[in-house]
Amino acid sequence: MVINLLGLVLIALIVWWFWLYKPNKTIVQDNEVLIEVKDGVYSPSSIQVSASQPVTLKFMRKDQSPCAETMLIPSLEISEQLKLNEITQITLLNLSPGEHEFHCQMQMYRGVLKVV
Amino acid sequence: MVTTNTNIETESGCCCQSKAQSSSCKSKENTLEKVSHNQQLIIEGAGCASCVGKIEGALKATFGVVSAEMNFADRTVIVSGTAKTEELIKAVESVGYNAKPIDDSSATDALDEKEAADWAYYKKLMRDTFIALSLGVPLMIYSIVVGEMTVETNLERMSWLLVGILTFGVMYFSGKHFYVGAWKSFKNHSANMDTLIALGTGTAWVYSMVVVFAPDAVPLMARHVYFEATAMIIGLIDLGLALEIKARGKTSEAIKRLIGLQAKTATVVRDNKEVQIGIEQVLLNDVVKVKPGEKIPVDGVVLEGHTSIDESMLTGEPMPVEKAEEDEVVAGTLNKSGMILFKATRVGKDTALAQIINMVKRAQNSKPPIGRLADVISAYFVPVVMIISVLSALAWLNFGPEPAIAFAIVSATTVLIIACPCALGLATPMSVMVGVGKAAEAGVLIRNGEALQTASKITAMILDKTGTITEGAPKVTDIVLAKATDEKDVLQLAASLESGSEHPLAQAIVESALEKNIDLLKIEAFNAITGFGVEASCNNKALLFGNDKLMKLKGIDLTGFVEQAQSLAKEAKTPMYFAVDGELAAIIAVADPIKSDSISAIKRLQANGIRVIMLTGDNKETAAAVAKKAGISEFLAEVLPEDKANKVKELQEGGEIVGMTGDGINDAPALALADVGFAIGTGTDVAIESADITLMRGSLHGLADAIAVSKATLRNIKQNLFGAFVYNVAGIPFAAGILYPFFGILLSPVIAGAAMAFSSLTVVSNANRLRLFKAKEH
């Protein structure tokens, strides 16, 4: 009985931690944000930008794995090859309010760009 | 609107000019301060040596510049210091010149760097695999030969403790990346493949250590250790990743080949001197010299010389193309025979080759709609697998036989390990990458994944007649002599007469004479009779050229020739009469001939079950004749451009998936409305952005190739997706132990590890099969 209860609590925690919890957004102040691509995550992965100004996303890829190589923003039809140990800049102009997900080809690296 | 560029940074986040400076840079770790080190600029407008001092002076006066040295021969300047590129450009502009930065890492170099990085990562993974399997394999053999790895005596406890410590060493040295990745993802509220591997191997190791340290905490029957599973899984997954890197390298062969077409240097003539410079330093309007056997470095127009150029690498067209003055040459093509001087008209990122590379790269990374379901599943996959793992453990604990805890641990671990989000995630992009590359090799540029998918489903194909099915340029097809005279003499007189006319048909006759090296004669008293033809005199001969009405008007006897003229008309040719001194000399027929391979290409389309329809603005007789000759039963004549769009709409309303092929200019509305618009290029002069699919060569076989490669790619994607879905849908229940109640089978976590590692490798290898695809026919 106790073990079943623990199992259900564990399932609830998985649901909450991975799906329901909304992480804090990094608010871009000076038109550019540096995103580190390492160890399976984009840091920061949740970015908030203002619709009124252009924003430059600077991806710094430090992960050798080929999974980290391609970064896609499907809603903006952007796909970019990230070079290892270099910064790849993507400047976005005239963004309309909304959410744009960005991820690697296999969706293991995931992030979201919120335009307000 | 999007702009992208890259700036070189070191891993520590700052750029060091020398090793000596690297220690100070380390202190800035993670600050990622942007420092401009040695920068190279190309200077425009520097015409005299005295400019050098001015430019260097302006740069040195800029804050942060340590030194500036200009090379007048190639108009470049190397600046070292910390100033930003924009400030350097402003400084140069302030003294009256223009400057632009040179990207010192060419595409080829970048590719080499990528290959070197992949190779280093491959070696690391193989080393990790060796370490892990060095422990895992002997343990596996022990478990098979000796049997259950149980902990019952103190000696066994001590032995297994030692093995547990060694396994921890494997986890640290060979599997650290899984645990670090899993932890970082967890902190970030996300989960990935690392999460599953870390949880699976971690659970097996922790449970085994509990058995070693506190055997009394678990029932006697459940006192097994699973160190071999941890070591084997890490080893096998590292091996799978290493092999995947190797296989992935092959998927980008097409883009490597395209990038490899770029010349590295160019010989330009500046101040009457030949200078060899990097292609990134070639400026617009530079005069470039290319010898036989050399590649054309940038796009341009021939100023001097005559040669033949092999354009097959871009267009797929095997025959070399003759080039003379005023002809265009394209970067990446090979100069075969003569030396030429040409003026650079497009350089750097503007060359056709650079645009093609860019387009292919983007298309390779785009996803067709068929991959969207896999994307949605991938997004939820890992947490769902974690939940299934917990449910599976609970099921064993509640309903399983003894030792239930051991069964629960094994099934939970196996579920985590067997699930493979990578196979799902890789299924579509790997095939698209190879398919789009393969198409590019055949001179077919596919704009994106959606165009690729739709092209595979086309049921009706509309072809524009002029320039698509036909050559697009009228040519003399027949000369029927009325009496025994030399055909050359007749053509000489007719061409001399027509040289005074601007009519397109007249041009065809003049060109025919020039092709045969026939000199034109001087004509006198030229007179154009609108709607009838032309007349003039030449060497005291009265010449008359035109239609039957003109001949009747001038009293020329056509007896016996009218039937021949009608017969030519039925063959989609335009017959014209030529009379000399009041007697008919010949019937000359002009036509826009069907391209030599249009008929076989149309047959290929029809053989694929595609309904082929021809549209043309020409009259019904010509249209009917061309359609018949081309093997097309459905055609519409006297069609205006807007009617073409209406026809596309009509077919779509009838349930057809419509492809439209045209020259990309007159057919723009129809191309835009069609499900897939094909722009047919002549040579490399293509409007790359104008259509969903661009055919680099004029042949309609490109169209059949595009559809064939799309179908092959879609078939490959479906195989991959099917395999990945079936693998996960079947593998996860097996791992959870669904077969146990019926057959007493419970999958080993080691087998799950091997299956998982090789499932993504299978997907990449299947995509690689597409490299062997060859379009049928020609």
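I'll start with a helix pair: in α1(A), I3(A), N4(A), G7(A), L8(A), L10(A), I11(A), I14(A), V15(A), F18(A) and W19(A) meet Y380(B), P383(B), V384(B), M386(B), I387(B), V390(B), L391(B), L394(B), L397(B) and N398(B) of α12(B). Contact means heavy atoms within 4.5 Å; helices are DSSP runs (H or I, at least four residues), numbered from the N terminus. By class this contact has 17 nonpolar, 3 polar and no charged residues, where Ala, Val, Leu, Ile, Met, Phe, Trp, Tyr, Cys and Pro count as nonpolar, Asp, Glu, Lys and Arg as charged, and the others, Gly among them, as polar.

This is a predicted model: local features need pLDDT of at least 70, side-chain atom pairs pLDDT 80 or more, while totals for chains, interfaces and linings use all residues. Residues are numbered from 1 along each chain as written, chains are lettered from A in the order written, and side-chain values use heavy atoms, without hydrogens and water.

Next, the cores. The largest nonpolar core has 169 residues, and F59(A), L258(B), F678(B) and I693(B) touch the most other members. Such a core is a set of buried Ala, Val, Leu, Ile, Met, Phe, Trp, Tyr and Cys residues joined through side-chain atoms within 4.5 Å; buried is under 20% relative accessible area (1.4 Å probe, protein chains only). Helix α25 of chain B, residues 701-736, gives the most to this core, with 15 residues. Another core, of 26 residues, lies apart from it and includes A513(B) and F545(B).

Last, N192(B). This residue sits in the loop between α6 (176-187) and α7 (193-213) of chain B. Buried or exposed? N192(B) counts as buried, because its relative accessibility is 2%.

Terms used:
Helices (H or I, at least four residues) and strands (E, at least two) are DSSP runs, numbered from the N terminus. Buried means under 20% relative accessible area, exposed over 50%, partly exposed in between (1.4 Å probe, protein chains only).
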